[in-house]
Amino acid sequence: MRLKKQPSLPRRCGVLLPVASLPSPWGIGSLGRAALEFVDFLAAAGQTCWQVLPLGPTSYGDSPYQSFSAFAGNPYFIDPGVLEEDGLLLPGEGEQWDWGKNPAQVDYGLIYQNRFSLLRLAFSRWTRKDPEFLSFMDVRKNWLEDYCLYMALKERYEGRSWQQWPDPLRLRQPKALDRAKKELGEEMAFWAFCQYHFFRQWRQVKEYANSRGIAIIGDIPIYVAMDSADVWVHGEQFQLDEDRRPTHVAGVPPDLFSATGQLWGNPLYRWEVMEKDGFSWWRARMAAQGELYDIIRIDHFIGIVNYYSIPAGNDTAVEGRWMPGPGDKLLAALSDTLGQGRIIAEDLGVVTAPVRRLQQRSGYPGMKVLSFAFDSGSSNPYLPHCYEKNSVVYAGTHDNQTLVGLFGRMDRKSLAFAREYLNVRTNKQLPRAVIRCAMASVADTAVIQMQDWLELDDTARTNTPSTLGENWMWRLLPGQLTEDLAARMKRLALVYGRLISPTDEKEEP
């Protein structure tokens with residue numbers, strides 16, 4: 001199969017906001033009224049994209065990039081208000097639970113304790129004979145039953161990783177699996193109920209967004225978590241030994257920022273095995289993601305060309321080595337599955353010549369991040385005069401400081417360069433100037449974090465890499481998305497050709 005070059009994306013703009021960050025009375029963003037109201041705000045603000053973070057069920061640390069499944073949705077996002085409309089909760093019943101005292105932050109401890117209790121209450125009132133549910137089960141049979149059994153077993157074994165389960169289940173012996181399915185049938189039905197309502201609610205949000213001219217940009221990590229249904233079920237696709245223990249894991253080597261590198265710990269793929277069956281697992285994964293999103297950003301695109309392999313059990317990434325990835329072969333399979341014009345490559349970091357050549361052959365737009373642009377003079381590749389048209393520019397990503405936080409801590413030399421480059425007099429003017437710079441750039445797509453439009457400091461930061469406990473918590477507050485802000489956003493979209501006005505459509509050369 002030959003890799004076909006993806007056409008360029010149209011010129012447009014959008015906002016990065018995790019679903020978890022939406023305002024709601026339920027302690028965490030959810031797929032109800034607030035999601036639809038945010039879509040309305042984006043449309044009023046002249047935006048044509050909404051970028052979200054991965055939507056999978058999260059594990060320890062609450063990171064959307066470490067999920068129990070590459071296919072399932074996060075039950076936390078199921079909106080109790082919609083369940084009330086469905087007759088599964090009584091009016092006001094969802095508001096009787098404790099979802100936390102601070103509406104500006106997610107209290108994951110409380111969400112974990114109470115959300116599933118509420119969902120189980122709704123489940124107790126649900127009938128499983130709905131034809132739509134039966135169709136849902138059939139369409140997703142390639143992963144849903146395995147996921148439900150995996151979650152039921154995690155519940156039985158108090159949340160422990162499948163690597164710590166009894167050997168007959170850890171090794172997936174058929175008799176043990178059959179017995180578990182019989183014993184845990186009701187628990188499996190609960191997890192199927194959660195998935196049905198997640199996908200049902202998400203479909204309503206996505207269809208509404210599309211009807212208002214908003215495309216959804218999704219984000220998928222290249223690797224999956226070791227503690228996931230994917231690795232438990234499809235162990236032959238990963239670098240595991242005969243005892244189903246990892247032999248090598250993912251990370252990145254030592255660099256100027258870390259003398260010991262980064263040890264991520266995700267299991268690595270057996271690319272040669274995947275290639276033999278036509279990348280069937282990846283095809284299924286991307287087909288599922290293609291249902292959720294209009295455009296998909298592949299995190300750590302570099303790993304498709306070459307990946308860093310670290311022996312399992314090592315304490316650091318020092319002793320790893322680079323290994324070749326599947327390259328064109330995988331991308332051809334993904335393109336065949338998804339169709340054209342649907343992928344963004346996260347190509348941040350050290351981009352080698354082979355990575356750049358693959359990206360050029362694929363036509364996937366890469367990423368430019370203005371938060372990285374002002375610390376090394378005019379040759380910095382993240383400065384807009386260095387961009388190519390086929391790229392996506394961000395003021396900052398979920399892993400960066402907010403713009404206010406960035407310029408509040410930047411050294412004097414970099415600040416002086418930023419002021420000169422952006423043609424402003426004061427540091428206070430820099431955040432807005434960066435957004436204008438991104439919108440004005442030649443990059444086809446510009447995406448700005450909601451925190452940066454709101455000019456918030458680092459207390460609103462989404463994630464600080466390599467830390468635990470204070471991440472993925474920030475939330476919008478009701479009333480922050482004003483008509484004045486929408487008007488300012490729309491004006492920039494019009495001025496810089498990222499939104500075609502009715503007047504422009506009538507003008508002919």
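Student: Where does Gln-239 sit?
Tutor: Gln-239 lies in the loop between helix H9 (229-233) and strand E4 (248-252), where helices (H or I, at least four residues) and strands (E, at least two) are DSSP runs numbered from the N terminus. This is a predicted model in which local features need pLDDT of at least 70, side-chain atom pairs count only at pLDDT 80 or more, and totals for chains, interfaces and linings use all residues. Residues are numbered from 1 along each chain as its sequence is written, and side-chain values use heavy atoms, with hydrogens and water left out.

Student: Is Gln-239 buried or exposed?
Tutor: Gln-239 counts as buried because its relative accessibility is 12%; buried means under 20% relative accessible area, exposed over 50%, and partly exposed in between (1.4 Å probe, protein chains only).

Student: And what is Gln-239 in contact with?
Tutor: Leaving aside neighbours within four places in sequence, the contacts of Gln-239 include Arg-245, His-248, Tyr-269 and Tyr-307, contact being heavy atoms within 4.5 Å.

Student: New topic: what is the strand order in the open sheet of 8 strands?
Tutor: The order is E9-E6-E3-E2-E1-E12-E11-E10, with parallel pairing, and two strands pair if DSSP finds at least two bridges between them.

Student: Which strands stand at the edges?
Tutor: Strand E9 (343-345) and strand E10 (366-369) do, each having a single partner strand, so one side of each has no neighbour in the sheet.

Student: How many bridges join E3 and E6?
Tutor: Strand E3 (residues 215-220) and strand E6 (residues 295-298) pair in the parallel sense over 4 bridges, and Ile-217 has Ile-295 in E6 as its bridge partner.
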